[in-house]
Amino acid sequence: MFYFGIDWSEDHHDLCIRNKAGARVSEIEFEHTLQGFELIEAERRKLDVPASECVVGIETSHNLLVDFLLDHGHVVYIVPPQATDGYRNRQRSSGAHTDRSDAALLSDIMRTDRDSHRRLKPNKPLTRQMLAQVRLIETLRRSIQRQENQLRAVLHRIYPQALGLFGDLTAQINLQFLSAYPTAQEAQTLSLEAFGTFCREHHYTCPRLIPRRYAHLIEPAPEADPAVVRAYRDQVCILAEVLLPQVRRRSRAKSCLRDLFQRHPDAFIFDSLPGAGELLAPSLLVKFGDHRDCFPTPASVQAQAGTCPVTEWSGKRKSVKFRTGCDKEFRRITQQFAQASISESGWAAAYFNEGLPHWNSKSHAYRCLANRWMAIIWKIWQEREPYDEEYHLRQRALRRRPRS
């Protein structure tokens, strides 16, 4: 068995290889190219050892280098950077380090403490496709929200009639209307007939509401200074035209995610969760992944999701702190699911309402509820069974029953 430590960066990487005794048998620097990656295999062949007996420690999983290592059969462990800092401080008090010394440190961590870290096991292609779609949808959501806020602020200033015209500001028909009629003065030149024609051409799905929408558009409202309207007119057009393709792309990404999710063998488990819906159910699935041995206990998935706190206890001093070392994307998804579950699950709503006065904030309360959910989801995921609210309520009642 040999232990590889790789300190990575964008354009070059450092590799240190140790043997079982801890002696350094090779140290090289290589470029972030295919020729550079092949140097790793060249060093392995010099040692005359199969890739399955090469344990690699690296601080990232999102890298072409990691893909190369997995494709060639290496055993890869992910060491969080904050953990590397802790090991570094244990070995030298000055905190001094270089890329070469960090590679050596990672190889030593693999030799002594690899069981304390997560082995990287790639999910199946279907699950990885779903993860890519989940991240694309979230990226688009953030971009849409940011530009929607900018557009809303401009409309409040010069064009309040456009707010709430077709419900959601980012509805496609709303953005199309703003592109065509970016000021109140232009929109109010429309007759009811012309407004109805616009709605039909853009496939408005509630024709009976057209008169009400038109009345909202032409109702008297404070008028902005004409000079201000002229200054902001182009901004309304541009923001609407920038938002429209993003809204359409997000809709297509959600449709693609739904199709991929329905093909996954574990879809029925996460689809059964109350309040998960078409986005949170596949999001939870991809974070749990395909390898059930990656989360051997409920505590392991709760720690990865960041829903459980960190307890520090020394002598008489005890403190419970917010967990920072976790998958922050996973934590966001679990808290969103906890919030959504309150309207669909009786026990979740009761747990949230009973505990809210005792927790620091709503975010804390959602995180505590998410922690409970993680244990439940872990159980049904391990047993490959859908969630059953009635069964869960019976189990809760049995646990609360006083012992005779």
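Proline 220 is exposed, because its relative accessible area of 81% lies over the 50% cut-off for that class. In this predicted model, proline 220 is found in the loop between helix H9 (210–218) and helix H10. The C-alpha atom of proline 220 is separated by 55 Å from that of alanine 375, a residue 155 positions apart from proline 220 along the chain.

**Nonpolar cores**

The largest nonpolar core has 46 residues, and those with the most contacts inside it are Phe270, Leu273, Leu284, Phe288, Leu369, Trp373 and Ile377. At least two residues of this core are supplied by each of helix H5 (125–158), helix H10 (226–263), helix H11 (267–271), helix H12 (277–288), helix H13 (298–305), helix H14 (328–341), helix H15 (346–355) and helix H16 (362–383). The largest share, 12 residues, comes from H16. Tryptophan 373, one of the residues with the most contacts inside the core, touches Leu273, Pro274, Phe337, Ala338, Ser341, Ser345, Trp347, Ala348 and Tyr387, when residues up to four places away in sequence are not counted. A second, separate core has 36 residues, including Ala162, Ile173, Leu217 and Val236.

**Aromatic pairs**

| Pair | Distance between ring centres | Angle between planes |
|---|---|---|
| Phenylalanine 177 and phenylalanine 195 | 5.9 Å | 80° |
| Phenylalanine 177 and phenylalanine 198 | 5.2 Å | 80° |

The pair of phenylalanine 177 and phenylalanine 195 is edge-to-face, because the planes of the two rings stand at 80°, and the cut-off for this class is over 60 degrees. This pair links distant parts of the chain, with phenylalanine 177 in helix H6 (residues 172–180) and phenylalanine 195 in helix H8 (residues 192–201), 18 residues apart. Phenylalanine 177 counts as buried, at 0% relative accessibility, and phenylalanine 195 also counts as buried, at 0% relative accessibility.

The pair of phenylalanine 177 and phenylalanine 198 is likewise edge-to-face, with planes at 80°; it links helix H6 to helix H8 across 21 residues, and both of its members are buried. One aromatic cluster is formed by Phe166, Phe177, Tyr181, Phe195, Phe198, Tyr204 and Tyr214.

**A buried histidine**

The side chain of histidine 264 makes a polar contact with the side chain of aspartate 290, at 3.0 Å. Leaving aside residues up to four places away in sequence, histidine 264 touches Leu126, Thr127, Met130, Leu285 and Asp290.

**The largest pocket**

Rolling a probe the size of a water molecule over the atoms shows where empty space is left. The largest pocket has a volume of about 1500 Å³. Of the 47 residues that line this pocket, the closest to its centre are Ser61, Ile78, Arg118, Leu120 and Gln304. The elements that give two or more residues to the lining are helix H2 (64–71), strand E5 (75–78), helix H3 (81–91), strand E6 (118–119), H5, H12 and H13.

Conventions:
Residues are numbered from 1 along each chain as its sequence is written. This is a predicted model: local features need pLDDT of at least 70, side-chain atom pairs count only at pLDDT 80 or more; totals for chains, interfaces and linings use all residues. Side-chain values use heavy atoms; hydrogens and water are left out. A nonpolar core is a set of buried Ala, Val, Leu, Ile, Met, Phe, Trp, Tyr and Cys residues joined through side-chain atoms within 4.5 Å. Buried means under 20% relative accessible area, exposed over 50%, partly exposed in between (1.4 Å probe, protein chains only). Helices (H or I, at least four residues) and strands (E, at least two) are DSSP runs, numbered from the N terminus. Contact means heavy atoms within 4.5 Å. Rings of Phe, Tyr and Trp (its six-membered ring) pair if their centres lie within 6.5 Å; planes under 30 degrees apart count as stacked, over 60 as edge-to-face and the rest as tilted. A polar contact is a pair of N or O atoms within 3.5 Å; within protein, one must be able to donate a hydrogen and the other to accept it, and residues adjacent in sequence count only if both atoms are side-chain atoms. On a 1 Å grid over the protein atoms alone, a cavity is a set of points where a 1.4 Å probe fits but cannot get out, and a pocket is an open set with protein on both sides within 12 Å along at least five of seven lines; lining residues have an atom within 4 Å of a point. Grid points are joined across faces, edges and corners, and a volume is the space filled by probe spheres set on the points.
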